[in-house]
Amino acid sequence: MRGCFKKLASMRYRRYNIYMTKELTIIGAGPAGMTAALFAARGGTRVTLIEGNATVGRKLLVTGAGRCNLSNDHVCAERYTCGDPQWMEEVLAQFGIADLLAFLPTIGIFTYATHDGWCYPLSESAQTVVDAFYYALVQEGVRLLLDHKVTAIRNTSDGFEINFKTQRPVTCKRLLIAAGGAAYPTLGSRGTLFPILKELGHTIRPVVPALAPVICDMTPYQKLKGVRFDARVRLFEGKTLLAETTGNLIFTEWGLNGPAVMDLSHHISTRPGASLRLELNPLFASEEALRLLARKNRRSATPLAVLLGAALPPKVPSVVLPMAGVAERARMEQISEAELEKVFTLLTALPFKVTGVRGFEYCQVSAGGVPVSEVDPFSMRSRVVPNLQLAGETLDVVGPCGGYNLHFAFSTGAIAGMANRDASKAII
């Protein structure tokens, strides 16, 4: 069945070839590359889309735990780690959340947002999103070169020559690289184009895991394996606060996982060998109420662990109280004010010695790559290599969990595609 659609795509490509004069070749059929292809093709440009995998959008299938977290209602430049915040402002001003939500229905993707702003397809299926993009590419006459693994890109007098592992080279005048970073190597993203981009003249910042689980010394917390709760998390290097987030996390045998710590992981992976620690505050939303409850029960026979259970999972007090020097079943009437304060101090800053983050196979995106200073935010054109554009995870930009990184891919892809439209033939 998929082979029939490949033939249909080829037929449409030949038919559109009669009318199209402007050309664009794109490497990478992920969210950035596919979006760029659609915007360029709808604007009258003849597009060739090259993908190393046998299908398009393979990494999209694992986003949002298979539900495809497309974007976030709260997308803004401040939520991203970027070398130039103004650059990020300019990107989102051209293609923000409203623009994405207007584009997606044109290819058959309808969305909804959770109470905290995370945007998903109504189908709650990443597969339906990939299918919608694929058939849209076919409909727009995009030429698909699948299972083409790029091994080299060379400048020529008339553009670029792209070499592959087994297929014949492809030449082009204009090239967009949207091949992603190094996250999910089993899905084909291994960062293999970064050395090629360096040879072409671009700066490449060290590529490291981001949105990754954090490895910590869990010796004091072994009994909490599998416990999950919301917490405010702060990351320190010595006494310096590097960053903080709030969200859900889960205890594991090797460290901490979940958005609350994953959002901080790029600050860890970019500081190898640094002395880092995390402080967790599971009482960030309930400390005042819990202190009031403790005061009301100050002379009671109620165990402190029972009162703490009003705001914490049951296993947590049994671990934290002994750490504060208080018996696990100590009653309120037996605990001094100093001991009670020590418990609250500990519960608002549970310490964890950080030893690193898990590798590329466990992270959602990678940090590093081409600095944004080398790319024009209004066109995604390289400021270093003529006739080259860059988009998506190829650039050194990291957003938090919740659809931010996927939105960045869509935005930069759309901007790159629109910059290649033939104004005399544009239909969008």
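In this predicted model, R277 lies over the face of F236, at 4.4 Å from the ring centre. A charge also sits over the ring of Y120: the charged end of R67 is placed 3.9 Å from the centre of that ring. The table sets out both cases.

| Charged residue | Ring | Distance to ring centre |
|---|---|---|
| R67 | Y120 | 3.9 Å |
| R277 | F236 | 4.4 Å |

Rings also pair with rings. The structure holds 13 aromatic pairs. In one of them, the ring centres of F39 and F95 are 5.8 Å apart and the planes meet at 85 degrees, so the pair is edge-to-face; the cut-off for that class is over 60 degrees. F39 belongs to helix α2 (residues 31-42), while F95 is in the loop between α3 (85-94) and α4 (97-103), so the pair ties together parts that are 56 residues apart in sequence. Both F39 and F95 are buried. Ring pairs also join F39 and F95 with F103, F133 and F410 in a cluster.

Now to R298. Where is R298 found? R298 is in the loop between α9 (287-296) and α10 (304-308). Is R298 buried or exposed? Its relative accessibility is 8%, so R298 counts as buried; the cut-off is under 20%.

Which residues does R298 touch, not counting those up to four places away in sequence? They are M332, E333, I335, S336, E337 and L340. With S336 there is a polar approach: a polar atom of the R298 side chain lies 3.5 Å from the backbone oxygen of S336.

Notes. Residues are numbered from 1 along each chain as its sequence is written. This is a predicted model: local features need pLDDT of at least 70, side-chain atom pairs count only at pLDDT 80 or more; totals for chains, interfaces and linings use all residues. Side-chain values use heavy atoms; hydrogens and water are left out. Rings of Phe, Tyr and Trp (its six-membered ring) pair if their centres lie within 6.5 Å; planes under 30 degrees apart count as stacked, over 60 as edge-to-face and the rest as tilted. Helices (H or I, at least four residues) and strands (E, at least two) are DSSP runs, numbered from the N terminus. Buried means under 20% relative accessible area, exposed over 50%, partly exposed in between (1.4 Å probe, protein chains only). A charge sits over a ring if NZ of Lys or CZ of Arg is within 6 Å of the ring centre and within 35 degrees of the ring normal. A polar contact is a pair of N or O atoms within 3.5 Å; within protein, one must be able to donate a hydrogen and the other to accept it, and residues adjacent in sequence count only if both atoms are side-chain atoms. Contact means heavy atoms within 4.5 Å.
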